[in-house]
Amino acid sequence: MILSIESSCDDSAISITEIKTKKLLFHKKISQELEHSVYGGVVPELAARLHAEALPKILEQVKEYFPLLKAVAVTSTPGLAVTLVEGVTMAKAIAVALDIPLIGVNHLIGHIYSLFIEKETQFPLTCLLVSGGHTQVMEVKSLTEIETVAKSMDDSFGESFDKVAKMMGLGYPGGPVIQELAKDGDRLRHNFTVPLHQSPLIAFSYSGLKNAVRLAVLEEEKNENPDFKDIAASFEHIATKHLTMKLKKYFKTVRPTTFAIVGGASANLYLRSQIQDLLKPHNAELILSELKYCSDNAAMIGRVAVEMYEKKIFTSLENLDIAPRSSL
Ligand code: KG4
Ligand code: ZN
């Protein structure tokens, strides 16, 4: 079995995965959303302190598996430096104590493999990753053949929801609250400009849209009883339209056969339905992670770790280092 640790941002999680069957035997996550909510975003120092509290508590619950462990895996890149260190230090201590190999896992590959928890992989696929830290399209052929074909030049899709929610005083994370508020809003009320709509580039950008929303929020705040639901709906509509317009352009040269959406923001229902519509004329299959595995978790890290274990991709104690900014 493999014990896997995830601490790249604000979720402390540990999983146990059986190598032979790829079965997830244990998964526990302690989320810090509530603690960060008052600040409208993740405070790295606070996150690190909370990981130091939560991870040992979860580890206690998997002591019975220790004699059966063949490796220990941990997210080592990308993420917040001070929180990655918490998981990596714990993983190194376990590797030394049990004399087992270490596996450093890329968090973004983790999100891709969240599609295959307890399942065989289905490659090749075109994958849209939408999370708090990333917005990118990847062509995935295998564990080691992943090519990023488009990415955000500034904010990420999920981050833009977080920032809009913060402007409206709705706490963190913004995705679920904005989705809820948008449900009853008029998507066409605010005619925000679709980012990069005149650019031939296949890339993403959310900072301009964020600023346009800020102006609309300030305007609405002049009312006695500000109501943000139309702004939320119009924002969600344009943020999503930006993705679908660029994907449509991309599909003109690369026809999708299997398309996946992964990452915390892949839970967004409007995004899911719009992508589904986009794929219809191509007869392409849409695959998604289970809702509980869209956001950060250690089950996905364990699933990657099993593949790496089989290929003997280990990292020595001296060489396993955190890399906050590395990407694919
Ligand atoms: O993958 P994840 O848990 O963490 C990172 O790796 O960044 O993604 C968290 C992000 C947050 O920005 C959160 O607001 C966003 O995913 N998110 C959503 C929804 N649920 C979570 N964004 C839009 N709609 C949602 N329903
Ligand atoms: Zn993530």
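**Exercise 1.** Which protein donors hold the zinc ion (ligand 2), and how far from it do they lie?

*Solution.* Keep in mind that this is a predicted model. Start at the metal and list the protein atoms: the donors are NE2 of His 107, NE2 of His 111 and OD of Asp 296. Their distances from the zinc ion (ligand 2) are 2.0 to 2.1 Å. Next, read their order along the chain, where the spacing is H-x3-H-x184-D. Then place the two histidines: helix α4 (residues 107-113) contains both His 107 and His 111, four residues apart, or about one turn of the helix.

**Exercise 2.** Decide what geometry the site of the zinc ion (ligand 2) has.

*Solution.* Take the angles among the four donor atoms, which run from 95 to 137°. A tetrahedral site needs all angles between 85 and 135 degrees. The site is classed as irregular.

**Exercise 3.** Are His 107 and His 111 buried or exposed?

*Solution.* Apply the cut-off for buried, under 20% relative accessible area. Both His 107 and His 111 are buried.

**Exercise 4.** Describe helix α2 (residues 44-60) and its surroundings.

*Solution.* First, the length: 17 residues span 25 Å from first C-alpha to last, close to the expected 24 Å. Second, look for a bend, and you will find one of about 25° at His 51. Third, check burial: His 51 is among the buried residues of α2, which also include Leu 46, Leu 50 and Leu 55. Finally, see what covers these buried residues: β1, β2, β3, α1 and α3 are included.

**Exercise 5.** Find how the domain assignment divides the chain.

*Solution.* Domain 1 is made of 2-117 + 293-310, and domain 2 of 125-288. Their contact takes 22 residues from domain 1 and 24 residues from domain 2.

Note on methods:
Residues are numbered from 1 along each chain as its sequence is written. Chains are lettered from A and ligands numbered from 1 in the order in which they are written. This is a predicted model: local features need pLDDT of at least 70, side-chain atom pairs count only at pLDDT 80 or more; totals for chains, interfaces and linings use all residues. Side-chain values use heavy atoms; hydrogens and water are left out. The expected span of a helix is 1.5 Å times one less than its number of residues. The bend at a residue is the angle between axes fitted to the seven residues ending there and the seven starting there. Buried means under 20% relative accessible area, exposed over 50%, partly exposed in between (1.4 Å probe, protein chains only). Contact means heavy atoms within 4.5 Å. Donors are N, O and S atoms within 2.8 Å of the metal (3.2 Å for Na, K and Ca); water is not among the atoms, so sites may look incomplete. Four donors count as tetrahedral if all angles lie between 85 and 135 degrees; four count as square planar and six as octahedral if opposite donors are over 155 degrees apart and all others between 65 and 115; anything else is irregular. Domain bounds come from an automatic or database domain assignment.
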